[in-house]
Amino acid sequence: MRRAPPSLRLRLSADNLVAASGGAGDRTFAMPGMVLFGRRWAIASDDLVFPGFFELVVRVLWWIGILTLYLMHRGKLDCAGGALLSSYLIVLMILLAVVICTVSAIMCVSMRGTICNPGPRKSMSKLLYIRLALFFPEMVWASLGAAWVADGVQCDRTVVNGIIATVVVSWIIIAATVVSIIIVFDPLGGKMAPYSSAGPSHLDSHDSSQLLNGLKTAATSVWETRIKLLCCCIGKDDHTRVAFSSTAELFSTYFSDTDLVPSDIAAGLALLHQQQDNIRNNQEPAQVVSHAPGSSQEADLDAELENCHHYMQFAAAAYGWPLYIYRNPLTGLCRIGGDCCRSRTTDYDLVGGDQLNCHFGSILHTTGLQYRDFIHVSFHDKVYELPFIVALDHRKESVVVAVRGTMSLQDVLTDLSAESEVLDVECEVQDRLAHKGISQAARYVYRRLINDGILSQAFSIAPEYRLVIVGHSLGGGAAALLATMLRAAYPQVRCYAFSPPRGLWSKALHEYSQSFIVSLVLGKDVIPRLSVTNLEDLKRRILRVVAHCNKPKYKILLHGLWYELFGGNPNFPTELDGGDQEVLTQPLLGEQSLLTRWSPAYSFSSDSPLDSSPKYPPLYPPGRIIHLQEEGASGRFGCCSAAQYSAKWSHEAEFSKILIGPKMLTDHMPDILMRALDSLVSDRAACVSCPAQGVSGVDVA
């Protein structure tokens, strides 16, 4: 008999699931978020395999320990109160046996089905009600045991100590359960919109529109409360309040339209990484079309790499003593310890700013400059206000402005203020949209440099020097915007942005910045690929790969963990193993069921949203991009110090998708980037007579 195509099988599976669940209006077995006590929780019915296994091991060991204690010492219970203790142990063993059976059933049921097919797990809610009900006799019995032991029972001390241990373990497990319930509690669980079986037309009604608006308002309020609690120590000025609102709106917009739970996202990321590696491994050379970059680009790659290597020291110095100690864990504290304790001397009179001491000592060691070479050092740090340093670099004959990257909660709020605003800058570009938080931060540094006369002071000392602005991460994005703001007054300005965020500014500004900004990106660094548009794309890819996977979640997570740690075969079986990749573009019920609501900006039948939100239009990275890539295998987490790197000019389109991998975060660290630059520059310098390695064409997939 011929097997049905994957898309049809998935549709039939989803149809059967809806029928088994009692129709679209019955959310008892909604997928994947689990519903208990009439509300949705941030956990799915297939998330209980690992917690159930852990509890089962603890309970079995506990039961064996109590049985051993009772059998070995029951003859010593002929004492005052011994009958009570004997009864306590017997009842506790019976209660534990019931709990063990219930937990075993929960774990077995949780292993059934897939993320998008919870039908085989439809008995989970009843089992959980039974399991929760068993906590009441456990609490009562633990309380009675504590009271009996505290009553001064005159029995063998070993028996009494064993019973005390059982009481303590009982309360630890009860407390752990309460904490777990708090963690998986979803404040919006009671307000989730039911799945729409009618599609977008169902949401055209006035009632549905009001419902969705109410959900969005509630979600924004919940996220704002969470952010305020997390950032309760950073003050309550106007900028902070605006950043709270912007961040809450971003989070509520991104997370409000799916029913995914955190473990679903983890499983989706694991599958995407394997899918991504599988596509790369099977890609034929003919599938990649290469063309050589312009002769000027090819000619100046070595020069720009040397400049990046030099100016990265200033970008790292802007982080102050924490990064210096992190890079030099054994000797760093000894080197700058004297500077931390030393009072300011006359040398410091040339330096303005806040909270120097240890910071200034680390800056001197990192850059190799002298006290007199610094015009301004500021570690003032608030929302939309970044620390920066201004120094005279005599080696390159430049005035260097280095802006610090993300290092505090204030900086995180600046990062997450991701809506767009028009950049106030003098240039011929019409479309001047830019990331609001980074734009505000760059505007703050601009005002300090101009209004406080910092640049005027620097150029009065060295009028023949040129202006160079550098930064890493958030500082790289702010440096690019700052260079654009200053270009009218300083036409020769240059900017080196290290690992800048992708979602910085409009396509027009990206093209405008090609002549004076160079960005440097290492490997799979997630930040140069990070934008609201790319996050939406990532969410769509997660929904797609999760909906097409025909394996239970616990197997996905175990295989994914093994693959991340040790590698192996990335071809993890899905419904698309037959090669029918084209069905990924079809709107499948399995994917649609992962949405809590339909969105006019979301489409399963394309690789990009139909419409971008006016607040979050597609944004692009700054300037020309040099991409450093590791050659060969040197460990999945970059632990090998002998790694070798190549460099090439890359098009911004190569960073239009977030790549999943174990180094997507570590490749962003400034110390890793500095190590890669050190290795690359030294290798290229050692082979000056050879053809320039790593100078290759721009690969366009």
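Modeller: The chain has 22 helices and 14 strands, where helices (H or I, at least four residues) and strands (E, at least two) are DSSP runs numbered from the N terminus. This is a predicted model, in which local features need pLDDT of at least 70 and side-chain atom pairs count only at pLDDT 80 or more, while totals for chains, interfaces and linings use all residues. Residues are numbered from 1 along each chain as its sequence is written, and side-chain values use heavy atoms, with hydrogens and water left out.

Of the 701 residues, 51% count as buried. Buried means under 20% relative accessible area, exposed means over 50%, and partly exposed lies in between, using a 1.4 Å probe and protein chains only. Contact means heavy atoms within 4.5 Å. Among contacts between residues at least 6 apart in sequence, 76% join residues at least 24 apart.

Now for the close look. Two packed helices are described by the angle between their axes and the distance between the axes. Take helix α9 (residues 262–282) and helix α20 (residues 553–566): their axes come within 9 Å and cross at roughly 50 degrees. The axes are lines fitted to C-alpha atoms, for helices over the stretch in contact, and angles run from 0 to 180 degrees between N-to-C directions. That angle makes α9 oblique to α20; under 35 degrees counts as roughly parallel, over 145 as roughly antiparallel, 65 to 115 as roughly perpendicular, and the rest as oblique. The crossing of α9 and α20 is left-handed, which means that the near helix is turned anticlockwise from the far one by less than a right angle; clockwise would be right-handed.

Which residues in α9 and α20 meet? From α9 come S263, D264, A266, A267, A270, L271, H273, Q274 and D277, and from α20 come K553, I556, L557, H559, G560, Y563 and E564. By class, this contact of α9 with α20 has 7 nonpolar, 5 polar and 4 charged residues. Here Ala, Val, Leu, Ile, Met, Phe, Trp, Tyr, Cys and Pro count as nonpolar, Asp, Glu, Lys and Arg as charged, and the others, Gly among them, as polar.

Next, some single residues. L364 lies in helix α13 (residues 358–367) and is buried, with a relative accessible area of 13%. Leaving aside neighbours within four places in sequence, L364 is in contact with L369, Q370, Y371 and F374. L364 and A317 are 47 residues apart in sequence, yet 8.1 Å apart in space, C-alpha to C-alpha.

N328 sits in the loop between α11 (321–327) and α12 (332–341). N328 is buried too, at 19% relative accessible area, and with neighbours within four places set aside, N328 is in contact with L333 and R335.

Finally, backbone angles. Most residues other than glycine have a negative phi. E397 has a phi near 50 degrees, a positive value in a residue other than glycine, and S499 also has a positive phi near 50 degrees. Are they buried or exposed? E397, in the loop between β5 (388–393) and β6 (398–403), is partly exposed at 47% relative accessible area. S499, in the loop between β10 (494–498) and α18 (507–512), counts as buried at 0% relative accessibility.
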